[in-house]
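Colleague: Could you walk me through how to read this model? I would like the general idea behind each feature and then the case here.

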Amino acid sequence: MIKKVLFVLIISILILSISGCTDEVVEDTPANTEVTGVTTNTVIDTIPADYGGQELVPMESLPESYELLGVRELSVEYVEDKYVSVSGIIGASEGLYMYMDSIDVYVDVIEMSDSTSAEEFITEYKAGFRSLSVGEGRFTDVSFNKHSAVRILEYVTVDTNDVKRYNYIWNNGKFVFVVGGATDDYTVLGELAEATGY
């Protein structure tokens with residue numbers, strides 16, 4: 001019984017740390033920037049019609065050094081608060097992972113009503129970021145698993161230092177995928193993004 005309580009406590013702490021409670025965002029993200037949506041390639045693998053978000057969270061055949069900690073359902077309200085509030089959000093699932101026994105990463109799979117609402121979700125989410133004044137660009141187009149995605153750069157405060165944080169976002173049909181975590185190494189997140197297979 002004590003082991004179960006301890007396990008639940010550890011998972012709760014992990015979820016809080018991944019959700020951003022340990023990283024304070026440095027800049028606001030107003031929705032004033034004009035941005036275009038993500039274009040998808042028609043040759044990407046098609047998601048089976050009977051799949052929901054939880055079936056799309058990578059659980060097996062993970063890249064080396066990644067460990068699945070758990071999968072949880074996310075409410076529509078949580079998705080709207082964390083990302084953007086648009087019509088068409090049906091539900092979401094989140095996979096929580098540990099990389100190299102020290103870095104928390106996640107995959108969020110958000111189910112939308114159709115592919116148009118999924119593309120609108122991404123467009124509105126990107127529009128919430130301001131352009132960076134110096135350094136590398138905020139958005140970088142990338143490609144993996146036969147589709148296009150966008151890598152987004154943010155800065156957060158950790159122990160009074162500004163550090164980079166990245167996430168990847170793309171859609172496959174009506175599903176929006178977001179991969180992020182507490183790392184400034186976008187290749188760590190890129191490997192997990194590829195592991196989705198979509």
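Colleague: Is serine 117 buried or exposed?

Modeller: Serine 117 counts as buried because its relative accessibility is 6%. The cut-offs are under 20% relative accessible area for buried, over 50% for exposed, and partly exposed in between (1.4 Å probe, protein chains only).

Colleague: What should I keep in mind about the source of these values?

Modeller: This is a predicted model, in which local features need pLDDT of at least 70 and side-chain atom pairs count only at pLDDT 80 or more, while totals for chains, interfaces and linings use all residues. Residues are numbered from 1 along each chain as its sequence is written, and side-chain values use heavy atoms, with hydrogens and water left out.

Colleague: What pLDDT does the chain average?

Modeller: pLDDT is the predictor's confidence in each residue, from 0 to 100. The chain averages 81, and 73% of the residues score at least 70. Over residues 5-9 pLDDT stays under 50, and the model has zero contacts beyond four places in sequence for them. Residues 13-43 also stay under 50, but there the model has 61 such contacts.

Colleague: How many residues does the largest nonpolar core have?

Modeller: The general idea is that in soluble globular proteins, nonpolar side chains tend to be buried together. A nonpolar core is a set of buried Ala, Val, Leu, Ile, Met, Phe, Trp, Tyr and Cys residues joined through side-chain atoms within 4.5 Å. Here the largest has 25 residues, and Val105, Trp170 and Val179 have the most contacts inside it. At least two residues of this core come from each of several elements, including strand 3 (89-99), strand 7 (161-172) and helix 5 (186-195). A second, separate core of 21 residues includes Val79, Val86, Ala92 and Ile110.

Colleague: Which residues are in contact with tryptophan 170?

Modeller: Setting aside neighbours within four places in sequence, the contacts of tryptophan 170 include Ile122, Phe144, Phe175, Phe177, Val179 and Tyr198.

Colleague: How many salt bridges does a search of the whole structure find?

Modeller: Side chains of opposite charge can pair when their charged atoms come close. A salt bridge is a side-chain nitrogen of Lys or Arg within 4 Å of a carboxyl oxygen of Asp or Glu. The search finds four, and Arg72, Lys82, Glu94 and Asp108 are linked in a network of them.

Colleague: Where do arginine 72 and glutamate 94 lie?

Modeller: Their closest N and O atoms are 2.7 Å apart. Arginine 72 is in strand 2 (residues 66-74) and glutamate 94 in strand 3, so this pair ties together parts 22 residues apart in sequence. Glutamate 94 counts as buried, at 1% relative accessibility, whereas arginine 72 is partly exposed at 22%.

Colleague: And what about lysine 82?

Modeller: Lysine 82 forms a salt bridge with glutamate 94, at 3.5 Å between the closest N and O atoms, and one with aspartate 108, at 3.1 Å. Aspartate 108 lies in strand 4 and lysine 82 in helix 3, so that pair ties together parts 26 residues apart in sequence.

How values were computed
Helix = DSSP H or I, 4+ residues; strand = E, 2+ residues; numbered from the N terminus. Contact = heavy atoms within 4.5 Å.
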